[in-house]
Amino acid sequence: MPAPLRLGLAGLGTVGIGVVKIVHDHAALIEARTGRSVVITAVSARDRSKNRDADLSGFAWETDPVALAKRDDVDVFIEVMGGHEGPARLATEAAIASGKDVVTANKALLAHHGHALALAAEAKGRVIRFEAAVAGGIPVIKALTEGLAGNQIKRVMGVMNGTCNYILTRMQSAGLPYDQVFEEARQLGYLEADPNLDVGGIDAGHKLSLLAAIAFGTKVSFDAVELEGIGAISIDDINHAADMGYRIKLLGVAQMTGRGLEQRMTPCLVPADHPLGQLQGGTNMVVLEGDSVGQIVMRGPGAGMGPTASAVMGDVMDIARGVRLPTFGQPATTLASPIAAKVATPAPYYLRMTLLDKPGALAKIATAIGEAGISIDRMRQYGHQGIHAPVLIVTHKATRDDVNNAISRFAATGVLVGDPVAIRIEEV
Ligand code: NAP
Ligand code: HSE
């Protein structure tokens, strides 16, 4: 029997304690499946006196995660502290320099430093695994790097922030405005310490950039992700979109185009009857499209102790079995520097605006849209309020620049009340 695989666990919060529980509860199963035992030898967190609902008495304690990362009795360093600088980065670098394999749930760290860390690890013959960093319990990294390795990936899409999906679906089901549901999410403990990581699309953007690197063989380029959060989504838009057969999602899309790598994490309309449109609450969904396989839809819990620790342990067990893959599915030295596509692939747009209800108003708006080179697909006018007429328009495919051009022309019509709303309709 090979020697036990020894884990050093930095972080004893939601994910870290989940790992402690699986290693303890499933020791026999892990050994049966990997052919060796997996043990935790040392742990680190900030506050040693905190009650953590787990027996940590058998593990050495390190106050400094960097010291933990360098210990001789650690083979695999598990980083589940969070943050893309400070202890998480320093300890991960130290672990690699000391010849340890690394398993992390930290999407922020890899979105910012993934390429440099992968280069360092591969130069040392070490692996970095990060299944838990993207879509929690959904084994999407494994699907891309292994099961779909023989495909040219065409597109990666996903709802990868459970908090945003909770907010948007709760707004619709309860008919509540954004601010009220945001507050509800805060009280339920769903929001990150910095809520903008969730509702600003940053957390989901981190995840998308990691999937794009694997899918398209490029260096992680989080800075090139077009980001727009959900803070401006109103209950009116959610209801109008529903009336027209759509749902609003914070949707990530990455695809390689003739213009370069397109990466977007923005609110989009998707058809209500597509699995993405039907996704409720905090659940995540990733859609992968390959040239041979076609479209694959993966759905599951994107966060929480059990699902995230499950993903960490899948990585640990691969290392125990001797599975050693490059961090992003091909050697880091071969990853291309992506050119960021400046303009997104054209798509239909949903436009909502309020007009003065007088003769010729709609014609003036339609003319402005036509002058911007956009063709109208569908139009609706309903729910008049006094002299104001709400108008909904679905366009044929257009670029965001064309849509902005049309909107800039609306002001001169003299019939527009307030600001129009424009949301992309993603063809899924
Ligand atoms: P958490 O509950 O806040 O736990 C963080 C842990 O790290 C705590 O035990 C904390 O110590 C420890 N820590 C923080 N700074 C430290 C330092 N300087 N030195 C030593 N220990 C330190 O966080 P989490 O939810 O488990 O998330 C961990 C990582 O997993 C993050 O990167 C997160 O983005 C990622 N992730 C989380 C989830 C999820 O559902 N929670 C899902 C996917 C990915 P104390 O306990 O003493 O404060
Ligand atoms: N804040 C994240 C979410 C946690 O809501 O999905 C999991 O990464």
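This is a predicted model: local features need pLDDT of at least 70, side-chain atom pairs count only at pLDDT 80 or more; totals for chains, interfaces and linings use all residues.

I started with Thr14: one of its backbone N or O atoms lies 3.0 Å from an oxygen atom of ligand 1. I log that as a polar contact, meaning a pair of N or O atoms within 3.5 Å (within protein, one must be able to donate a hydrogen and the other to accept it, and residues adjacent in sequence count only if both atoms are side-chain atoms). Leu12 also uses a backbone N or O atom, 2.8 Å from an oxygen atom of ligand 1. With Lys50 I looked at the side chain, where an N or O atom is 3.0 Å from an oxygen atom of ligand 1. Taken alone, ligand 1 exposes 890 Å², and the protein buries 79% of that (Shrake-Rupley areas with a 1.4 Å probe; for residues, only the protein chains shown count as cover).

Residues are numbered from 1 along each chain as its sequence is written, chains are lettered from A and ligands numbered from 1 in the order in which they are written, and side-chain values use heavy atoms, with hydrogens and water left out.

Next, the shell. I find 23 residues around ligand 1, and the closest are Leu12, Val15, Asp47, Arg52 and Gly304 (near means a heavy atom within 4 Å). They divide into 10 nonpolar, 8 polar and 5 charged; Gly goes with the polar ones, and Asp, Glu, Lys and Arg are the charged ones.

On to ligand 2. A side-chain N or O atom of Lys107 is 2.6 Å from an oxygen atom of ligand 2, and a polar side-chain atom of Thr163 lies 2.6 Å from an oxygen atom of ligand 2. For Asp198, a side-chain N or O atom is 2.7 Å from a nitrogen atom of ligand 2. Ligand 2 exposes 260 Å² when taken alone, and the protein buries 86% of that.

Last, cysteines. I count 0 disulfides (two cysteine sulfur atoms within 2.5 Å). Cys164 is in none, and the nearest cysteine sulfur, that of Cys268, is 13 Å away. Cys164 counts as buried because its relative accessibility is 0% (buried is under 20%, exposed over 50%, partly exposed in between; 1.4 Å probe, protein chains only). Cys268 is buried too, with a relative accessible area of 0%.
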